[in-house]
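The sequence and the structure come first, and the notes follow.

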Amino acid sequence: MTEIQADKLAELQAVRAPAIGGRLARWRMALGNAWHELRKSRTASIGAVMLVLLFGACIATPWITTYDPIKQNYRERLQPPSEKHLLGTDRMGRDIYTRLLYGGRRLVAIALLAVTFGLSVGIPYGVLSGYFGGKVDTVAMRFIDGLLAFPGLLFYLLVVTLAREWKIEGIANDAVLVFALGFAFMPEVARLSRGTVLAEKQKEYVEASRAVGDGSLSIALRQILPNIISPLIVNATVRLGYVILIVAALSFLGLGTPPPTPDWGSDLAAARDYMETAPLIAAFPGLAICYTVLAFNLFGDGLRDILDPRLAER
Amino acid sequence: MAETVLELDDLTVRFHLRRGDLTAVDGASFSIERGQTFGLVGESGSGKSVTAKAIMRLIPAPPGEIPRGRVLFEGSNILDKSDAEMRALRGRRIAMVFQEPMSALNPVFTVCDQISDALRTNLGLSKKEARERVVELLSLVGIPSPQKRLDSYVHEFSGGMRQRVMLAMALSCNPNFLIADEPTTALDVTIQATILELITGMIERLGMSLLFITHNLGVVAHACDRVGVMYASHIVELGDKREIFARPQHPYTVGLLNSIPRLDGQAKYLTPIAGSVCNMMDPPTGCKFHPRCSHAMDVCRREIPRLKEIAPGHLAACHLHDRGTA
């Protein structure tokens, strides 16, 4: 009779568990949960708010600016902030506020694309290498070691110089930049995902999915990958800030996009000559770089705290 | 005699480790007939789970290796099959229930996604068909109001319910052979009985055969038709459940039975088996059990005893039977 009682008990337990509705409700709940989780970390919530503002400004740029970011106006050179020009004008009489927004838009887009590229190559590379192990893994990881040994900045300089040499301009130049930045991120992603896969593939559910007839590729990419995604998200977020810093640095050195295009790095470099007479012109792009990198780093760090299961307390 | 579904013939599994070679299963032979439940009993590290994994071809190689033996499933040797043939076999013909229902289910998918994944890859069902089948399966394994539980994640289930989900997943593609690797070990006692009942009930209802791996003789007594006792990579005794329980022939089996508490109050104290399991990296010569055996003779230290038929269908591997003394 104990079996029947146990059955009843189990039934009762199951009934008392929260009844869950359809997929839509589930999504809404997930979103609510995400916000709730985010609130746990002050760092993450500050980062999130800063990022929302940043992305909002990037998307809304054409509607919240009135000037042309490139057209010069010598009658209004080097003006201090005023009602007409919120942050003043630069040495060509261009509205700094407008230039900052357009520059940020481009910068964020480049960073997002570069990191996406790095993830989309690095994740499959690392996951498969870790999953298959053995000789495949050894060879694949030695290649990654080789890439990691190459200094990043030197690599960007090389690529940018080559691009200039071969007269790659405009959007193609941006694409080269995206490629270089993404490619430099790839080894890190590959290594991180390989490491987590090594730990994850020992879990019993991997064997269980093999036992129901799943193939290796399907197990690696469809069963394991979703389980290792959180450290990758954190890594990618922090990397976004780093990539923005690199792009700004490159154009500061005059190796990024050529002058008329609004760019925080080159605007900052151009403003150096006016540091004594009009220091604000240099301050604004500098602050913008600071703000953005800080936003990504805060969000990434906070996310790490939230997603790290060792810190989860419930 | 009924049709044989699975036959192990001299199956040997060896692992090449850095510290040396380890033979986890040594010459295991037994067969399971259609509709039969075969219990494989033994303590931790005796090679039960390795045997099960060898049948599923889940032994990672390297470091694992199967130097000899055959695993005949419905007449063809599993060890000769290609990976693709093996994939077609797993899930659809042979399925497995694992010990730890929490870790054997993927934590990031809902129950429905998880089970229907197997259905869709193995049987080619559409998303909707698979979902309907999952509801069917969940109610089959006794999960109340399955429609409501479909989109729950594994952590939202209790241990017993998780094991039901595991079972539903194993049964999803109508296999005719089920391997249950200590399916009740991780559960508490009341749920153990329920799950055990459920599994044996399913086997009977669906006409499947079952290889039941456990270290619990009580579970064997409850669920199995035939029993194999494993000790340190060898099958030391093999026979019908009643035979084994009534007339155990191997000192190890006798020891196991003596160390079960009895409710009818025959003995005041339990008789444990002295010593502990031998180190498998450096096993004793001859019979692996001789260091712990109270009947050990000279021959036990020299020669590995072979399985010999003692009564019809009842085999034991012990030198005591060479002289006709039990």
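Predicted model: local features only at pLDDT ≥ 70, side-chain atom pairs only at ≥ 80, totals over all residues.

Residues are numbered from 1 along each chain as its sequence is written, chains are lettered from A in the order in which they are written, and side-chain values use heavy atoms, with hydrogens and water left out.

**Interface of chain B and chain A**

- The contact (heavy atoms within 4.5 Å) takes 40 residues from chain B and 28 residues from chain A.
- About 2900 Å² is buried between chain B and chain A, and carbon and sulfur atoms give 53% of this area; buried area is the accessible area (1.4 Å probe) that two parts lose on being put together, summed over both.
- B:Phe98, B:Asp117 and B:Asp151 supply 15% of the area that chain B buries against chain A, more than any other three residues.
- The rule finds 8 residue pairs in polar contact across the interface, both residues being at pLDDT 80 or more; such a contact is a pair of N or O atoms within 3.5 Å, where within protein one must be able to donate a hydrogen and the other to accept it, and residues adjacent in sequence count only if both atoms are side-chain atoms.
- Among the elements that give two or more residues to the side of chain B that touches chain A are β6 (94-97) and α7 (189-206) of chain B, and the largest share, 5 residues, comes from α3(B); helices (H or I, at least four residues) and strands (E, at least two) are DSSP runs, numbered from the N terminus.

**Salt bridges between the chains**

- Across the interface the rule finds 2 salt bridges, each defined as a side-chain nitrogen of Lys or Arg within 4 Å of a carboxyl oxygen of Asp or Glu.
- B:Lys53 and A:Glu207 form one of them (3.4 Å, N to O).
- B:Asp117 and A:Arg222 also meet in a salt bridge (2.3 Å, N to O), which crosses from helix α3 of chain B to helix α9 (residues 216-252) of chain A.
- B:Asp117 counts as buried at 11% relative accessibility, whereas A:Arg222 counts as partly exposed at 42% (buried means under 20% relative accessible area, exposed over 50%, partly exposed in between, with a 1.4 Å probe and protein chains only).

**Salt bridges within a chain**

- B:Asp26 and B:Arg68 meet in a salt bridge (3.3 Å, N to O).
- B:Asp26 lies in strand β2 (residues 20-33) and B:Arg68 in strand β4 (residues 64-73) of chain B, so the pair ties together parts that are 42 residues apart in sequence.
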